[in-house]
Amino acid sequence: MSRRAAISYLQSAKRIRPSAFNINSLEQNKSYGVSTAPPLLSHRRLSLRLEPDEESSSAYSQFSLPNSPTNFALLGSEDSQAASEYDSRHPKHTYPFQKHKQSSTSKKPAHTSPLALRHPPHILKTQWISRSAPVLPKLHPPTAVSSHSKPDPAVTFASKYNKGMILDFGAYAKVYRCTRKSDGAALAVKEAHVFGPYKEQLLHSCNILLNIDHPLLTRVVDYIYDSTEERVYVISDLYEYGSVYSKLKAERRNYSTSYPDERVVWDISSQLIDALEFLHNPEKNGFGVIVHRDISLKNILVSDIVTKKIIVILSILAVELVGNSKTVQLVGCPTYAAPEVLCGSEYDEKADIWSLGCAIYEVCKGYQLFYNEAISDIIRAQYSKPAINLGVYSEDLQEFIKSLLVLDPNKRITASEAAKHPKVVEARQRLDSGASAGYGWFTG
């Protein structure tokens, strides 16, 4: 039945109650002699509007869960706190003709995943979280972490810090400005929800981030896990200039004639490569191979506008690989993710190299190379091997990006190999000598 035909049919029906579109209230309306439209089962849209459904024992009950805040099946990890908070803020309205349905016995509300409020069921079934939650794989026995770095589990965030204004937010975390109560230092805190099965893995990753020290990576000064709220707070240094994404977007006058200076592109690339080389090298970082898994321009901060210095945000999605092990978890931003990640195959640190190529391309062109909402379309675009045409930029830069965006991870260059590129070495020397302050971010 088309939309127009359905509307015409509904307009001809008399005394249609507000709950006529609810599959579960059909029998109830019939008992009161109310004229209701038949449910359009094959056309019913699984809306993301928060409309509580009535309990149902009909054959169509698979479309909803009892007392669920959404009218589609909730899949994935469960969170009872989200459901209780929703019920307290949105009390369920009962129409006069529905009062006979109220039962004196109260039932325990169904657990609700916060992911279900954002993603339809077919996304959740694929295990693709798309920046919605810190999902970390099972780790090998971690390397020894200094005991003094582990925070006291009895300490809460509010007891040590004052939360300020929000700075940024993503699908799985929010970043706030905060102040340390002991000395008044201004810091940044990333607040993320922790799913029960991944708590130990996430806290192990936080321990690693707390002990990583590199000038091109954000310095994590503390982290606090709140078992009551099931949240983790990762506190790091505050950088006032914002992300590279925001800087380029603010400076770019238009996308047809305004391009960043090629020296700036190489400056940003060399610093990203040096940061990844440190993470991927166990001898340098003191742990195993650390895969960042969330490289994007929004996760790269500007530390010095004049000299083009940047800092890479340490991701709580990072995973440590020991030996020749790999992981298959699907996390991060899909438009930056490598083909092996999107396809559910095993992957290692080479996935960061693909994300690096996507980030450098976006710096040059101002838009993402594989932007699409559907993961299947992103995979199709990746395997179609789009031409890397950067127009005003040199052939060296185009060939360098092509070497990063190789479909076969075994043929993709490593961070150590990329660090030896002549242009990368030249950019590193400019940054060290301060010569990068002699030109602007954009040409012209």
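A residue is called buried when its relative accessible area is under 20%, exposed when that area is over 50%, and partly exposed in between, with a 1.4 Å probe and protein chains only. By that rule, D261 is buried, with a relative accessible area of 10%.

Good morning. The structure under discussion is a predicted model, in which local features need pLDDT of at least 70 and side-chain atom pairs count only at pLDDT 80 or more, while totals for chains, interfaces and linings use all residues. Residues are numbered from 1 along each chain as its sequence is written, and side-chain values use heavy atoms, with hydrogens and water left out.

Let me begin with the whole chain. Of its 444 residues, 48% are buried. Its secondary structure consists of 15 helices and nine strands; helices here are DSSP runs of H or I with at least four residues, strands are runs of E with at least two, and both are numbered from the N terminus. A contact means heavy atoms within 4.5 Å. Among contacts between residues at least 6 apart in sequence, 66% join residues at least 24 apart. The chain exposes about 22,400 Å², of which carbon and sulfur atoms supply 51%; this area comes from the Shrake-Rupley method with a 1.4 Å probe, and for residues only the protein chains shown count as cover.

I turn now to the sheet. Two strands pair if DSSP finds at least two bridges between them. Five strands form an open sheet, in the order β1-β2-β3-β5-β4, with antiparallel pairing. Which strands stand at the edges? They are β1 (161-169) and β4 (220-226); each has a single partner strand, so one side of each is left without a neighbour in the sheet. On average, neighbouring strands of this sheet are turned by 25° against each other, direction ignored. Strand β4 is joined to β5 (residues 231-237) by six bridges, and the two run antiparallel. One of the residue pairs is I224 with its bridge partner Y233 in β5. Across β4 and β5 lies helix α6 (residues 199-211), running at about 160° to β4. For such angles, axes are lines fitted to C-alpha atoms, for helices over the stretch in contact, and the angles run from 0 to 180 degrees between N-to-C directions.

The next topic is charged pairs. Side chains of opposite charge can pair when their charged atoms come close. A salt bridge is a side-chain nitrogen of Lys or Arg within 4 Å of a carboxyl oxygen of Asp or Glu, and the whole structure holds 15 of them. In one of these, the closest N and O atoms of E191 and R231 are 3.7 Å apart. This pair links distant parts of the chain, 40 residues apart: E191 is in strand β3 (residues 186-193) and R231 in strand β5. E191 is buried, at 11% relative accessible area, whereas R231 is partly exposed, at 28%. Together with K163, these two residues are linked in a network of salt bridges.

Two further pairs deserve mention. E251 and K247 form a salt bridge at 2.7 Å, N to O. Why are they separated by about one helical turn? They are four residues apart in helix α7 (residues 244-251). Finally, D261 from my opening forms a salt bridge with R263, at 3.0 Å from N to O. R263 counts as partly exposed, at 38% relative accessibility, whereas D261 is buried at 10%. Thank you.
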